[in-house]
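Reader: I am new to this structure. Please take one part and look at it closely.

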Amino acid sequence: MELHENTVKIQKALLVGLDTGEYDAEGSMAELYELVESAGAEPVASMMQKRDKPDGATAVGSGRLEEIKSFCIDNEIDFIVFDMELTPTQIRNIEDATDTRTIDRTMLILDIFAIRARTNEGKLQVELAQLKYLLPRLSGKGKEMSRLGGGVGTRGPGETKLETDKRHIRRKIEALKDELEDIKNRRERQRTRRKKDGVITAAIVGYTNAGKSTLMNTLTAAGVLSENKLFATLDPTSRALKLPSGVSVMMIDTVGLVRRLPHHLVEAFKSTLEEAASADIILNVCDASSEEYKLHLDVTISLLKELGCGGKPVITVYNKCDLVPDPYDLPTGKDSVRICAKSAIGIDKLLKTIEENLPVRLRSYKLLLPFDKAPLAAQLRNVGALRTEEYTNDGILITALVEEPMWHLVDEYSV
């Protein structure tokens with residue numbers, strides 16, 4: 001009896017990067033290591049080459065290509081992943097020269113998206129992004145299509161046989177766009193209804209693996225997938241959070257960001273990120289233990305501006321402060337806070353900071369409502385403003401934290 005017959009072989013990857021001086025190549029390569037691990041593969045080694053610009057035919061020079069080929073043979077490498085976006089010609093030439101399957105950074109990210117997507121919307125977004133990426137890469141010779149389903153960088157819609165007919169794929173893209181537009185419209189109606197009902201929303205945004213889902217779980221016990229992996233959360237999750245004042249806030253977890261995220265991927269997932277654009281408050285979470293936490297904050301702020309979030313209250317949340325040698329070096333103030341979401345350190349301060357940044361004016365009331373005004377008590381209860389409620393001989397005795405638009409409704413019953 002063979003005990004290992006169901007064992008899944010972990011694919012081995014060689015990482016290749018170019019340092020053209022346009023960005024932090026070392027930092028980007030370190031992130032690529034994490035991406036490969038998140039895809040379920042083993043990053044064996046990396047090679048970096050300094051060049052003024054990528055070689056048009058093979059991205060790297062001929063000498064480095066020979067080194068890549070030798071390394072792949074000697075170490076039984078399953079695939080090569082380039083820390084850049086390759087053209088179809090470059091992929092074909094690299095594969096011909098090395099006899100090793102080659103993918104680029106975008107294909108790798110799409111692959112992780114395919115693994116992480118859980119909801120129908122997430123799966124549709126993944127498929128749309130993959131088809132858009134594959135469409136200009138259909139060589140007509142079928143080489144790219146023949147390796148679909150062959151491991152990292154090939155999952156998602158590739159598992160079902162992709163048609164090489166570009167017209168068929170274009171029709172499929174349009175159909176996916178229509179489906180996503182319907183979902184977007186439905187989400188917009190939900191947002192409009194929340195606004196009409198006076199629901200305050202707070203979006204948790206930030207760099208991937210910053211601990212957003214852990215924070216969501218700590219605040220609301222939402223049960224969101226929380227792993228030490230990039231893109232652990234792909235689909236938006238909404239849960240209610242009652243603040244110490246009694247005000248309810250709808251918390252929304254969003255997909256994590258990475259540096260150099262290809263623009264069409266941002267576009268494909270914009271309907272998810274639009275939850276942040278429509279939120280009343282934004283929590284920008286970063287991993288304070290990362291040496292690049294400032295860059296991560298900048299990446300998030302840049303995307304928020306692109307989504308039109310200017311002018312909204314943004315609370316900077318420095319997470320994982322238990323791993324920082326001197327967390328007191330991190331700035332704090334009325335719009336920033338230090339926490340450890342995993343152990344709930346600093347959560348009370350975060351809740352207070354959220355309250356201080358609420359976009360509405362609140363007033364504490366003690367009310368005695370006549371029994372015929374019970375619908376008003378129900379209205380206060382529905383918006384999460386009601387704190388205590390007691391039925392007495394004289395009426396309904398209530399304490400509530402009331403938003404300004406409702407002050408005129410309750411003033412005459414104040415005691």
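Author: Start with a term: contact means heavy atoms within 4.5 Å. Now take F82. Leaving aside neighbours within four places in sequence, F82 is in contact with V16, L32, T58, A59, V60, I94, T102, I103, D104 and R105.

A word on the model. It is predicted: local features need pLDDT of at least 70, side-chain atom pairs count only at pLDDT 80 or more, and totals for chains, interfaces and linings use all residues. Residues are numbered from 1 along each chain as its sequence is written, and side-chain values use heavy atoms, with hydrogens and water left out.

F82 belongs to the largest nonpolar core, which has 54 residues. Such a core is a set of buried Ala, Val, Leu, Ile, Met, Phe, Trp, Tyr and Cys residues joined through side-chain atoms within 4.5 Å. Buried means under 20% relative accessible area, exposed over 50%, and partly exposed in between (1.4 Å probe, protein chains only). L14, I68, V81, F82 and L108 touch the most other members. Helix α4 (residues 105–116) gives the largest share of this core, 6 residues. Helices (H or I, at least four residues) and strands (E, at least two) are DSSP runs, numbered from the N terminus. In soluble globular proteins, nonpolar side chains tend to be buried together. A second, separate core has 26 residues, including L243, I315, V317 and I354.

Go back to the contacts of F82. One of them is A59. This residue sits in the loop between β2 (42–50) and α2 (62–74). A59 is not a glycine, yet its phi is positive, about 70°. A59 is also buried, with a relative accessible area of 0%.

I94 is one of the buried residues of helix α3 (residues 88–98); the others are Q90, I91, E95 and T98. Seen down the axis of α3, these residues fall within an arc of 125°, so they line one face of the helix. The arc is that of the directions from the helix axis to the C-beta atoms. An α-helix has 3.6 residues a turn, so residues three or four places apart point the same way. After α3 comes D99, with a positive phi near 55°.

K320 is buried, with a relative accessible area of 19%.
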